[in-house]
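Here is a short briefing on one protein chain. Look through the sequence and the model, then read the points by topic.

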Amino acid sequence: MDGKGDSIIMTHSDGLKNIIVETTELSTIINDNLYYCGYPIEDLLSDGTPFESVIALLWSKSLPTAELRCALNKSLNTHLHLSADTVLALTQGIHQGIDPYSLLISRLACFKAFPVSGGAGFDAETALLAHLSALICALHRLTQHQPILEPIQDRPFHENLLYLLLGRAYTPLHAFHFNRMMILHADLELNASTFAVRINASTQADLVSNLLCGLATLRGPLHGGACERVWNMMTQLMQENSFEEQLQEMLNHHELIMGFGHRIFVRHDPRVSWIKDSLNHLDLTKSDQLRYQRSMEIESFLAHEKGLIPNIDYYSGIVYHSFGVAPDFYPLLFALSRSAGWIAHANEQRSHAHIIHPRAAYTGSFHSRS
Ligand code: ACO
């Protein structure tokens, strides 16, 4: 069957649920466990792997030697510098009241696309990931009315990110848990934004365009946009005496509770336990501690009432808040980390050399003008 004839067999599933549309060597979920290029994330997290090594793993499908990791780190740090024109454009955008996520998309669209390297140097990929990171950090500084900082060359990339975001001296504990957050968000098989990236890459569009598709898709409230909404929902629920009543009402009205549910993870999202472990070790303020307590009570309530499980977006905001990151930047930090995976998927899809073009079941009517 060539797929063009009348005899084609078509399968339909809402939201492509349980449909396999591509092959990948990058990541997979098996029995609620997540693997990056065959490594269980638990292994990567428990042996202190730096984010830079996970980037290299996703891009080259093998863990880098110390020498390669240093080279990648150096290259990423070099590209963290922003031009004066870019800083001016960001500043003007903020003064015009444009939200940071939209500004990120608009400035990234102006980034001069390198030819895709895909080679050992990963020059195009490195420049793009570092530029996107620099934009996010600069936007955070500007919205906090703080000066933009220059990267420190001999620091690990993930520590530079923390420095460029927050400026103030961060502790090794912060760096450790920030690194963990970056690794946890780096990839997840064929999630919605990664699929969008792959569709775009399948048209042989450039890497910048691929990432723009990922960014635009991730920001949706049912995807990465959920983390900021969890924070806002929780702020409201913290004020309620009876959060149970409020949640029950939401469930009765078939409202979605942000930060709960997942398409692939069934019994639990393994990333949540790691984030909770971070919250158990970080030095939380009284109000973040209360928020964490209330979040856990809500988790128990929703498990009991509807069998819902929390996803990665549920607790991540409290970790970022403990670092001093503003809530509207939680989805941007998600995007920063996930762009490592997006780039890997874009390159892999491009190498498959076929366009993604599925069929739709037509449910309209047919007419005749005669
Ligand atoms: N709140 C209330 N009910 C929920 C929730 C939720 N968050 N999630 C799922 N359900 C219910 C559904 O209503 C459905 O109930 P029903 O069988 O009575 O109709 C049942 O659980 C199954 O859910 P589906 O909608 O089939 O799950 P799907 O795989 O289509 O959607 C999704 C997954 C989009 C994550 C969904 O759970 C959701 O919208 N969650 C809230 C938003 C969110 O947290 N998104 C972040 C996801 S993780 C990420 O993208 C980074």
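The radius of gyration is taken over C-alpha atoms, and the globule rule is 2.2 Å times the number of residues to the power 0.38. For 370 residues, a compact globule would have a radius of gyration near 21 Å; the chain has 21 Å, which agrees. This is a predicted model: local features need pLDDT of at least 70, side-chain atom pairs count only at pLDDT 80 or more, and totals for chains, interfaces and linings use all residues. Residues are numbered from 1 along each chain as its sequence is written.

**The whole chain**

- The chain holds 16 helices and three strands. Helices (H or I, at least four residues) and strands (E, at least two) are DSSP runs, numbered from the N terminus.
- Along the principal axes, the C-alpha atoms fill a box of roughly 70 × 55 × 45 Å.
- Of the 370 residues in the chain, 42% are buried. A residue is buried if 20 or more other C-beta atoms lie within 10 Å of its own, exposed if 12 or fewer, and partly exposed in between; C-beta atoms are placed from the backbone.
- Take the contacts in the chain with a separation of 6 or more: 75% of them join residues 24 or more positions apart. Two residues are in contact if their C-beta atoms, placed from the backbone, lie within 7 Å.

**The sheet**

- Strands of a sheet pair through backbone hydrogen bonds, either parallel or antiparallel.
- Here three strands form an open sheet in the order β1-β2-β3, with antiparallel pairing. β1 (27-30) and β3 (39-40) stand at the edges with a single partner strand each, so one side of each is left without a neighbour in the sheet.
- Two strands pair if DSSP finds at least two bridges between them.
- Four bridges join β1 to β2 (residues 33-36). Ser-27 has Tyr-36 as its bridge partner in β2.
- Two bridges link β2 and β3, again in the antiparallel sense. Tyr-35 stands opposite Pro-40 in β3.
- The covered face of β2 has Leu-34 and Tyr-36. The uncovered face has Asn-33 and Tyr-35.

**Turns and positive phi**

- Most residues other than glycine have a negative phi, and most peptide bonds are trans.
- β1 and β2 form a hairpin with two residues between them. In that turn, Asn-31 has a positive phi of about 50°.
- β2 and β3 also form a hairpin with two residues between them. There, Cys-37 has a positive phi of about 45°.
- Leu-16 lies in the segment before β1. Its phi is positive, near 55°. Leu-16 counts as partly exposed, because it has 15 C-beta neighbours inside 10 Å.
- His-254 sits in the loop between α12 (243-252) and α13 (270-281). Its phi is near 55°, a positive value in a residue other than glycine. With 6 C-beta neighbours inside 10 Å, His-254 counts as exposed.

- Helix α4 (residues 84-95) has twelve residues. From its first C-alpha to its last, α4 reaches 16 Å, close to the 16 Å expected at 1.5 Å a residue. The expected span of a helix is 1.5 Å times one less than its number of residues.
- Gly-97 follows α4 and has a positive phi, near 80°. Its place is the loop between α4 and α5 (100-109).
- Gly-97 counts as exposed, because it has 6 C-beta neighbours inside 10 Å.
- Gly-97 and Phe-176 are 79 residues apart along the chain, and 34 Å separates their C-alpha atoms.

**Helix α9**

- In helix α9 (residues 192-202), nine of the eleven residues are buried, so α9 is largely enclosed by the rest of the structure. Among the buried residues are Phe-195, Val-197, Arg-198 and Ile-199.
- These buried residues of α9 pack against α10 (207-218) and α16 (330-352).
- Gln-204 follows α9, with a positive phi near 70°.

**Around the ligand**

- There are 18 residues around the ligand; Ala-226, Phe-260, Gly-261, Arg-263 and Asn-311 come nearest. A residue is near a molecule or strand if its C-beta atom, placed from the backbone, lies within 6 Å of it.
- The shell divides into eight nonpolar, eight polar and two charged residues. Ala, Val, Leu, Ile, Met, Phe, Trp, Tyr, Cys and Pro count as nonpolar, Asp, Glu, Lys and Arg as charged, and the others, Gly among them, as polar.
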